[in-house]
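Subject: Structure handover

Hi,

Here's the structure I said I'd pass on.

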Amino acid sequence: MHSNAIGSAAEFGRRAGEAHLAHAFLRDVRARAPARLPIFRSQLQGELLARLLLGPAREVSMLDLAVMLRTDLASVMREVERLARADLLTLRRTLAGRLVARNTASPLYEPLARLLMLTFGPAAVIEEEFGRLRGVGEIYLFGAWADRHAGRPGDQPADVEVLVIGELSPDIVHDAAQEAAARLGLPVHPVVRAPSEWEDDTDPFLREIRSGPLTRL
């Protein structure tokens, strides 16, 4: 009687696990291509590639990627293995598990990184997270990411600098920055100015921002 109960519990656990994997697989297969750039297989693929190809070079575990992208581990593993077979990513086995990184030797790395920057990179994410806030008038990227958008060569930026023009509370802006940082895997530093301050040409800090490229979102 006791062994039958244990066997039934084990069978239930096995079936539950299979159902979870099947659900994850179907969700992955049925995933729609992203509206921003439908050449990517899915939204997950675009965001995964952006996380790995943009910003500083780094190795990330499969589990960390799943947490960052807020999805299940099985879907991340399938996508990573698919992209690794295409030589867009590299996999390295360690005692702690497999680590994934960008493959800079791929001839597709630079043009793909450029596409990702324009579609899943900071400009797209910042516009989405900050653009929904009440009181926002204008949003700009400045600093290194604005340089990259302007076509200026340089290293991949390690953070994102955002200028927000409007009447907003610091707490709301901070929350939007945290959300954007979580999606990008990069620190996001917002600067908020009222419209009257932006129009005033006497602020040395704003003068410095204006002296370089600005990407209006």
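Predicted model: local features only at pLDDT ≥ 70, side-chain atom pairs only at ≥ 80, totals over all residues.

Let's start with the four-stranded sheet. It is open, with the strand order S6-S5-S4-S7, and its pairing is mixed. At the edges you'll find S6 (188-193) and S7 (215-216); each has a single partner strand, so one side of each has no neighbour in the sheet. S4 covers residues 136-142 and is joined to S7 by two bridges, with the two strands running antiparallel. If you want to find that pairing in your viewer, look for leucine 141 opposite threonine 215 and tyrosine 140 opposite arginine 216. S4 also runs antiparallel to S5, and there six bridges join the pair. Leucine 141 turns up here as well, standing opposite valine 162 in S5.

Two helices go with this sheet. H6 (residues 122-131) packs on it and touches S4, S5 (160-166) and S6, and the direction of H6 makes about 155° with that of S4. H8, residues 170-184, lies across S5 and S6 and runs at about 150° to S6.

Next, the three-stranded sheet. This one is open too, in the order S1-S3-S2, and the pairing is antiparallel. S1 and S2 (89-94) are the edge strands, each pairing on one side only. Between S2 and S3 (residues 97-102) there are six bridges, and the strands run antiparallel. Threonine 94 stands opposite glycine 97 in S3. Helix H4 lies across S2 and S3, at about 115° to S2.

H4 also has a helix partner, which I thought you'd like. Two packed helices are described by the angle between their axes and the distance between the axes. For H3 (residues 62-69) and H4 (residues 73-85), the angle is about 115° and the axes are 9 Å apart. H3 and H4 are therefore roughly perpendicular to each other, and their crossing is right-handed. Met62, Leu63, Leu65 and Ala66 make the contact from H3, while Leu73, Val76, Met77 and Val80 make it from H4. Sorted by class, that contact has eight nonpolar residues, no polar ones and no charged ones.

Now for the two single residues.

Methionine 62 sits in helix H3. Its relative accessibility is 7%, so methionine 62 counts as buried, the cut-off being under 20%. Leaving out residues up to four places away in sequence, methionine 62 touches Leu73, Val76, Met77, Val80, Leu91 and Arg98.

Glycine 55 is in the loop between helix H2 (43-53) and strand S1 (60-61). Is glycine 55 buried or exposed? At 0% relative accessibility, glycine 55 counts as buried. With residues up to four places away in sequence left out, glycine 55 touches Arg102, Trp145, Gln156, Pro157 and Leu186. Glycine 55 and methionine 117 are 62 residues apart along the chain, and their C-alpha atoms are separated by 9.8 Å.

That's everything I have for now.

Cheers

Definitions and conventions
Residues numbered from 1 in each chain as written. Heavy atoms only, no water. Axes fitted to C-alpha atoms, helices over the stretch in contact; angles between N-to-C directions. Parallel < 35°, antiparallel > 145°, perpendicular 65-115°, else oblique. Left-handed = near helix turned anticlockwise from the far one by under 90°. Contact = heavy atoms within 4.5 Å. Nonpolar A, V, L, I, M, F, W, Y, C, P; charged D, E, K, R; others polar. Buried < 20%, exposed > 50% of the residue type's maximum accessible area, 1.4 Å probe, protein only. Pairing = 2+ DSSP bridges.
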